[in-house]
Amino acid sequence: AMIDMPAYIEEDYTTSKEDNISKLSFRLETIEYSTGKKNEYNTTWKATDRKLKSGVFFGSELKKSSFFKKNLPETIINETNQLAQAQQVFYFIQNHYTKNNKGYNFQKVNTKRAFDDKNGTIPEINMSLFNALKAVNIEAFPVLSSTRNNGKPTQLFPVITEFNYLMVKTTINGKDYFLDASTKKIPFGIIPFYTLNGNVRVLDFKKGSYWQKVSPAIHTSTKMMMNIKVDENGLINNKLRVIKTGYDAYNSRTRMDNSNRDEYLKAFDQDNITLNNYQVKGDGFKDNQLVENYDYTIKNESPKSIAINLFSVDKFANNPFKLNSRFYPVDFGHTFSYNYRANVSIPDSYNITSFPESKAFSLPNNGGKLVLNSKKIGNKVMIIFQFQFNKAVFNNEEYNALKEFFNQIVKVHASTINIEKK
């Protein structure tokens with residue numbers, strides 16, 4: 001019996017509540033009738049593969065490559081670079097379809113009808129992608145998965161009803177790519193965040209299906225280069241360059257799409273800040289990098305004593321982890337890294353009274369590291385701040401260390417260089 005069990009308190013970076021609550025589940029294994037008939041419900045994956053391949057599920061939808069070959073543009077058919085060809089197929093299917101949000105039924109897939117209607121379910125769109133890749137002789141596999149809010153599927157035996165999503169896997173030049181063409185404006189090599197939920201079932205109907213951990217093919221990172229120059233009147237001139245990849249780039253592009261320029265740049269909408277120039281490159285969802293350049297000045301009411309804010313955008317103002325203890329894993333979905341470099345120049349008429357001290361912090365089990373290096377040379381200060389997460393999931397025993405890790409990030413992002421007029 002379980003007694004004195006702690007309450008479940010939901011916090012950021014988690015999957016389904018059902019994944020984290022202790023419970024005992026029962027599933028029907030067989031029904032035997034008096035006539036001798038026997039229905040088996042908990043079978044093997046080998047038997048389940050046969051069922052999925054049958055007309056009950058995908059059936060003939062696995063063999064529609066000739067239909068899609070007729071409908072693919074000649075430019076795609078004639079492309080000789082396999083990765084470029086796979087990307088062109090992906091974007092062709094993505095642009096052709098509109099997702100109709102009619103659910104994830106794997107038993108009612110009709111790719112031909114969906115293609116003609118330019119409208120389909122997630123399984124229909126991604127089975128179209130599967131067939132289109134096969135049409136240009138790129139090996140591809142349907143992938144059964146479960147979204148983060150749906151919970152992790154049982155791996156002890158096949159339970160088809162626990163899967164609620166279908167994607168596609170392909171391997172090009174030895175690198176695996178998980179693809180979802182049903183989501184608009186998501187680049188090749190990235191799948192929606194809500195699908196990053198551990199292991200998926202790759203349906204290889206020739207050699208047998210298998211489990212594989214799903215992961216994005218593009219690393220998520222943010223790099224910042226800041227140049228700060230204070231003039232004799234205490235006016236702070238800032239030039240910031242930000243380069244993002246992976247989900248950091250995708251999330252920023254999404255915010256740009258969902259807001260106007262003023263809303264996106266609201267951090268600079270303050271009486272003492274003047275945004276002189278803002279330029280962006282790579283804001284198209286197919287671009288590998290998103291590059292933003294900011295040029296802004298900050299005017300201080302009291303130029304005799306100035307606190308120079310080093311971090312203006314994309315900073316952690318608060319620690320997302322606030323529990324005294326957490327009895328379920330932290331799941332970021334993917335690994336990511338952050339790298340910030342700043343050069344700060346102060347005029348001779350000012351003294352530097354304080355600046356951030358160097359520090360380092362490492363997570364257990366090589367989970368990640370944080371490094372802040374600061375150096376003062378004359379009236380110049382150089383700052384390097386970087387942190388990275390080497391894994392996506394941290395268990396409850398690592399929670400306190402992870403919580404302190406974020407405390408350190410918040411402290412650094414709130415830090416300033418303080419100067420005073422001589």
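The model is predicted, so to speak for itself: local features need pLDDT of at least 70, side-chain atom pairs count only at pLDDT 80 or more, and totals for chains, interfaces and linings use all residues. Residues are numbered from 1 along each chain as its sequence is written, and side-chain values use heavy atoms, with hydrogens and water left out.

Let's start with the whole thing. The C-alpha trace spans about 100 × 65 × 35 Å along its principal axes. The protein has nine helices and 22 strands; these are DSSP runs numbered from the N terminus, with helices (H or I) of at least four residues and strands (E) of at least two. Of the 422 residues, 46% are buried (under 20% relative accessible area, with exposed meaning over 50% and partly exposed in between, for a 1.4 Å probe and protein chains only).

Now for the rings. A search of the whole structure turns up 41 aromatic pairs, where rings of Phe, Tyr and Trp (its six-membered ring) pair if their centres lie within 6.5 Å; planes under 30 degrees apart count as stacked, over 60 as edge-to-face and the rest as tilted. Two of them are set out here.

| Pair | Centre to centre | Angle between planes | Type |
|---|---|---|---|
| Phe-67 and Phe-115 | 5.6 Å | 85° | edge-to-face |
| Phe-321 and Phe-406 | 5.2 Å | 80° | edge-to-face |

Phe-67 sits in helix H2 (residues 65–71) and Phe-115 in helix H5 (residues 111–117), so their pair ties together parts 48 residues apart in sequence. Phe-67 counts as buried at 16% relative accessibility, and so does Phe-115 at 6%. In the other pair, Phe-321 is in the loop between strand S14 (305–309) and strand S15 (330–331), while Phe-406 belongs to helix H9 (residues 399–413), 85 residues apart. Both Phe-321 and Phe-406 are buried.

One member, Lys-134, is in helix H6 (residues 122–135) and is partly exposed, at 34% relative accessible area.

Last, the proline. Pro-158 is in the loop between strand S5 (140–145) and strand S6 (165–172), yet counts as buried at 7% relative accessibility. Pro-158 and Val-214 are 56 residues apart in sequence and 18 Å apart in space, C-alpha to C-alpha.
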